[in-house]
Amino acid sequence: MTTEPLAGGRAISAPLLGHGTEPTLFEMSVAGRSAIQLRTTGVPATTLHDLVPAAHLNPHVVAIAEVSERDLVGHFTRLSHRQFSVDLGMYPLGSCTMKYNPKFCDAVAADPGFNSVHPGAPAELIQGWLELLVELEEKLCAVTGMSAATLQPAAGAAGELTGLLLMRAYHDANGDARTRVLIPDSAHGTNPASVTLGGYQVTTIPSNSRGLVDLDALKAALGPDVAGIMLTNPNTLGLFEEEITEIAEAVHDVGGLLYYDGANLNAILGVVRPGDMGFDIVHMNLHKTFATPHGGGGPGAGPVAVSERLVDFLPGPRATLAPHGTYEWKKSARSIGRVHGWHGNAMVLARALAYVNVHGGDGLTRVAHHAVLNANWLRKRLDSTLPAAHDRVCMHECVLTATDLKAKYGVRGLDVAKGLLEEGFHSPTVYFPLIVEEALMFEPTETESLQTLKALADAVERIAQRAINDPESLHRAPQTTPVSRVDEARAARHLIPTEDAAGR
Ligand SMILES: *Cc1c(COP(=O)(O)O)cnc(C)c1O
């Protein structure tokens, strides 16, 4: 390893990929150093003080790291080699649908005809974009069995809040003040949070011994004050709610609406439709199912599709095809308004349409078949090592449990997950859903091959063997990654959101 001392900053380690300590940009900073120097800009020599009134100028020197372009690129390239990503290997994180996303969709969305357009351009200049939005809305409605959709919400949780505002607008329009929304105890954490944000109270419905909504408990909780129910089917245990028709009937009977959390549509694409099950509102995560990489905090999109009786309340404006054949923006008088500053995260929308069109109708059905097949293959293969929490055919994900390993060898689900990092796999989701002890939730997705699934199962079996022979080593895992075991709670308890010029 060679080091090059920097005048003002910390020594920078040479490109030993994935190892060694990496200084922060602030530690590398040298006063006066910069990445680019514009010698002739053509802009008349004015100072900031000529352009901005003094009262609006910040009197303090802002601490910005000063580094050369070379050092900047080296820094981020080295950091990128310490990361695990969907482009690198399998990422079986259940409920998150971390699948490989075809680069073709990126290339289509990156066409300058799409990405050089200002969202404020008048409709007559962006007919192609509006056509794309209309076509995507139609295709998402076809997949979910709904009548119309808004493409504005920027993520799944934003879609949930939009859906709850739609629920409220519908009941308000009927002069019907309702206060409660029902949610099963297996639900994703964003569901109760969105209900609270939407101004409703949560009533939790327990799951039965088969991992499904307890129908009797549901019926007992229903009443004229129930605005609706939020469900996902398959549910977060990866199981299909077989009594969905009875559930829908019971909720509709008291005047409530059914909300479908469609963050993960992999299991049902082209097979069954929420609309046919009786749902009134569906949100979809285009950044899980439809070709936008998920995770890492990039932009997402959470379109919300609704049944006929809710169409008028949708956020606007929406792109529509006018009778004379041109596309225009339209907003209904009863619309709940905007839920996004513009028309949604447009590039995510463009990628999603490319994904739907390149697959075609039966291609999307194949996505669902393979996602479900892969999850069941893994569930069966791991049956004697990590048994499923519910011994039934699952959908696109399976919830396994490490209670046996814990009872016999003191090895917890977390230890298994950390051991997998040493084996070159990302960890599955752990300790979710909350109702399963020592839960390990695997979602292989349709994009992994049989060979990869076998390699993952082999790795889990090696870890189970280690639990017998050397459980202590699993408590210390991972040892072979750039960062070894971290304190799970410390970052949240001792948050340091800023860094000053001295790197403190
Ligand atoms: C991911 C997910 C959400 C939330 O989506 P975000 O885009 O992260 O806000 C909601 N429900 C389920 C079931 C999910 O998996």
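About how much space lies in the second largest pocket?

Reply: The model examined here is predicted, so local features are given only where pLDDT is at least 70 and side-chain atom pairs count only at pLDDT 80 or more, while totals for chains, interfaces and linings use all residues. Residues are numbered from 1 along each chain as its sequence is written, and side-chain values use heavy atoms, with hydrogens and water left out.

The second largest pocket holds about 260 Å³ of space. A pocket is found on a 1 Å grid over the protein atoms alone, as an open set of points with protein on both sides within 12 Å along at least five of seven lines; a cavity is a set of points where a 1.4 Å probe fits but cannot get out, and lining residues have an atom within 4 Å of a point. Grid points are joined across faces, edges and corners, and the volume is the space filled by probe spheres set on the points.

Sixteen residues line this second largest pocket, and V117, P119, W129, H343 and A346 are the closest to its centre. Two elements, helix 6 (127-144) and helix 13 (346-381), each give two or more residues to the lining. Helices are DSSP runs of H or I with at least four residues, strands are runs of E with at least two, and both are numbered from the N terminus. By class, the lining has 12 nonpolar, four polar and no charged residues. In this division Ala, Val, Leu, Ile, Met, Phe, Trp, Tyr, Cys and Pro count as nonpolar, Asp, Glu, Lys and Arg as charged, and the others, Gly among them, as polar.

The whole structure has five cavities of 30 Å³ or more, and the largest cavity has a volume of about 100 Å³. Helix 6 provides the largest share of its lining, three residues; helix 6, strand 3 (148-150) and strand 10 (318-321) each supply at least two. Among the lining residues are L133, V134, E137, R318, A319 and W329. H343, which is also one of the residues closest to the centre of the second largest pocket, belongs to the lining of this cavity as well. The cavity lining divides into seven nonpolar, three polar and two charged residues.

V134 lies in helix 6 and counts as buried because its relative accessibility is 12%. Buried means under 20% relative accessible area and exposed over 50%, with partly exposed in between (1.4 Å probe, protein chains only). Apart from neighbours within four places in sequence, V134 is in contact with A319, T320, L321 and Y327, where contact means heavy atoms within 4.5 Å. By contrast, K219 is 85 residues from V134 in sequence and 39 Å from it in space, C-alpha to C-alpha.

Helix 13, the other named contributor to the pocket, contains T365. T365 has a relative accessible area of 17% and is therefore buried. Setting aside neighbours within four places in sequence, the contacts of T365 are L269, G270 and V271.

Helix 15 (413-422) and strand 13 (429-430) each supply at least two lining residues, and helix 15 gives the most, with four. By class, 12 residues of this lining are nonpolar, eight are polar and three are charged.

Elsewhere, helix 10 (residues 244-253) illustrates how burial is arranged along a helix. Its buried residues are I244, I247, A248, A250 and V251. Seen down the axis, these fall within an arc of 165°, so they line one face of helix 10; the arc is that of the directions from the helix axis to the C-beta atoms. An α-helix has 3.6 residues a turn, so residues three or four places apart point the same way. The face of helix 10 turned away from the buried side carries the exposed residues E249 and D253. The cover over the buried residues includes helix 9 (215-221), strand 6 (226-231), strand 7 (257-262) and helix 11 (274-277).
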